[in-house]
Structures are given as C-alpha cells and as structure tokens.
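Opening the notebook on this one.

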Amino acid sequence: MSEALRSLLDLLDLERIERDIFRGRSRSAVVPRVFGGQVAAQALVAAGRTVPADRHAHSLHAYFLRPGDPGAPIVYHVDRLHDGRSFTTRRVVAVQHGKPVFGLSASFQTQEEGLDHQAPMPPAPDPATLPTGEERLRGYAHLPPRIVERFVEARAAVDLRYVDDPPFGRFGEPREPRSQVWFRTDGKLEGAVDEPLLHVALATYVSDMTLLDSVLLAHGRGGWAVGDVVGASLDHAMWFHRPFRADEWLLYDQQSPSASGGRGLGQARIYTQDGRLAITVIQEGVVRVPREH
C-alpha cells in the first residue's frame, strides 16, 4: 500500500465526536477548495458508521452547497431517518464555519436475491497497456509544471489511467462527449481497512474526478487545468448494484447527454474488469466559459 493511499484511508477514518456527529480533515486538491469526492466519501462513511454491519450502501444522492475550506475541519451531522426490515436511510449534513457546505442522503440494504440483468460492458483496452496518469500528465508540454504537480499530488492515492487524451491534454476541437478511464487504489486494502464501506467510499471519492470531462470534450474545452472554463459540482448521485473492490481495476465509462444554461450533465457506468456492472453515476455541474474583459 502506497503512503498516499494510507493518507487517504486516514482521511476517511473520521473522528467520532458524539453518537451521530463526526469530524473530518481535508487534503490538497487540484482547485483551491475541498475536493467534492472527498466530502462525499467522508459523508458516506459517517452515514455508514451508524448503520448495522450487514447493511451495505446501495445509493446516495448529494448536493454541493458551498465551496469547502481545506484549512478547516468538516463536521458531519448524521440524521437517522429510517431503520426498516431491509433498508436503512441516513441524511448527513457537512458543516464548516457554522454553515452547511454539503448534504447527502444514503440508503443501505441487507443482502437479497432477486431479478438480475445489466447493460453490457463497452469495449475498452486492457489497463495494463495504458500509461499511468502521472506518465500521461508529464507528457503534456503545454501544461504548467505547477498544474501537473497539483494533479499528481491530488491523485497519488489512485492509479487512474485515461483510455484517450483527457480534455486538458488535447483541446480546441470538439470530440465525442464520451470518456473512459480505468482506476484502482494504489495498493491493496487488507486487514481492518478491507471492509465493504471503505471500498464504496473510495469509489465515491474517485467518481468526482473525471465525470464532467465528457461535457468538456463535446465543446473542445480543456477545463480548469488550462483555464478555458470555470466550474464546480452541483449534485451527485450513485447506485451501487453489485459487489466490487476499489483495489481492483474498474472501468469508468462516462458520457454527457446535455449541457445548457451554464450547467453540464455527466452520466456513467462503472464495471469490474470481468464485465459486471457495479455502479451507475450521474452528476450535474456548473460549466461556464470565462467572460472576456
């Protein structure tokens, strides 16, 4: 396990202040605010810590309310909305400086047998044949070194490999609004940290890294790394269909069906390497072209 992954797992190991109140810290991000995937993952962990161990997360719905301050702790308040025979529902509000910055609802379910079908996994190259995220980033001469280093540091806990050039790697002409990346944690989860909730939280963390790339591709924009758009996540939803491991390769197949009104929508499916549909993700974000002065 890499030191960066140990640091991320430590970040997700929230301090329990009271029965349903937890405190978390932040880490560096590409942009000067708390990374949305971090606060979503921490909120899910806070919710999961109040749920019986035999109930696993099957969905989450979240809103990003205010930019988070990376220099201040985040306090997570969990509201126990429902405890039923099969399902448990929690609501979490993340607070900084006395104001809510993020809200999440999550549902957990006992394991059940039932009807089973799925959309087929799309074609994708073997992740072992692709350059690592760091190798690809350092190959773009047009990116300022400080931007490259911020990306590398922020993503060090994850082995994330683009199938094709990301928006900031090749821009200026519109491309198909679709993007694929393979990802897994940079090291195996073993012992006490090898629990279903953490695998789900880690996938939640990564899911906010690249989902709006497909919006940028449709318009030939490079994104926040090159400064030709400004934006932020607005809301985020995930459905966890089948068991998976975050330390084994997962294909993140992303596309954008629409952008309008200063907002862009990304939707995606995450598959295990053997073709099982594990997660569905949908996110809308602010995507604005900077005004010329």
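Ground rule for polar contacts: I count a pair of N or O atoms within 3.5 Å; within protein, one must be able to donate a hydrogen and the other to accept it, and residues adjacent in sequence count only if both atoms are side-chain atoms.

This is a predicted model, where local features need pLDDT of at least 70 and side-chain atom pairs 80 or more, while totals for chains, interfaces and linings use all residues. Numbering starts from 1 along each chain as its sequence is written, and side-chain values use heavy atoms, with hydrogens and water left out.

**Asp228**

I found Asp228 in the loop between α6 (213–218) and β9 (230–240); helices (H or I, at least four residues) and strands (E, at least two) are DSSP runs, numbered from the N terminus. Its side chain reaches the backbone nitrogen of Gly223 at 2.7 Å, and that of Gly222 at 2.7 Å.

Which contacts does Asp228 make beyond its neighbours within four places in sequence? I get Phe171, Gly220, Arg221, Gly222, Gly223, Val289 and Pro290, with contact meaning heavy atoms within 4.5 Å.

**Sheet**

I traced an open sheet of 12 strands with antiparallel pairing, in the order β1-β2-β4-β5-β6-β3-β9-β12-β11-β10-β8-β7. Strands pair if DSSP finds at least two bridges between them. The edges are β1 (15–18) and β7 (158–162), each pairing on one side only.

I also checked β5 (residues 87–96) against β6 (residues 99–110): they run antiparallel, joined by 10 bridges. Val93 stands opposite Gly103 in β6.
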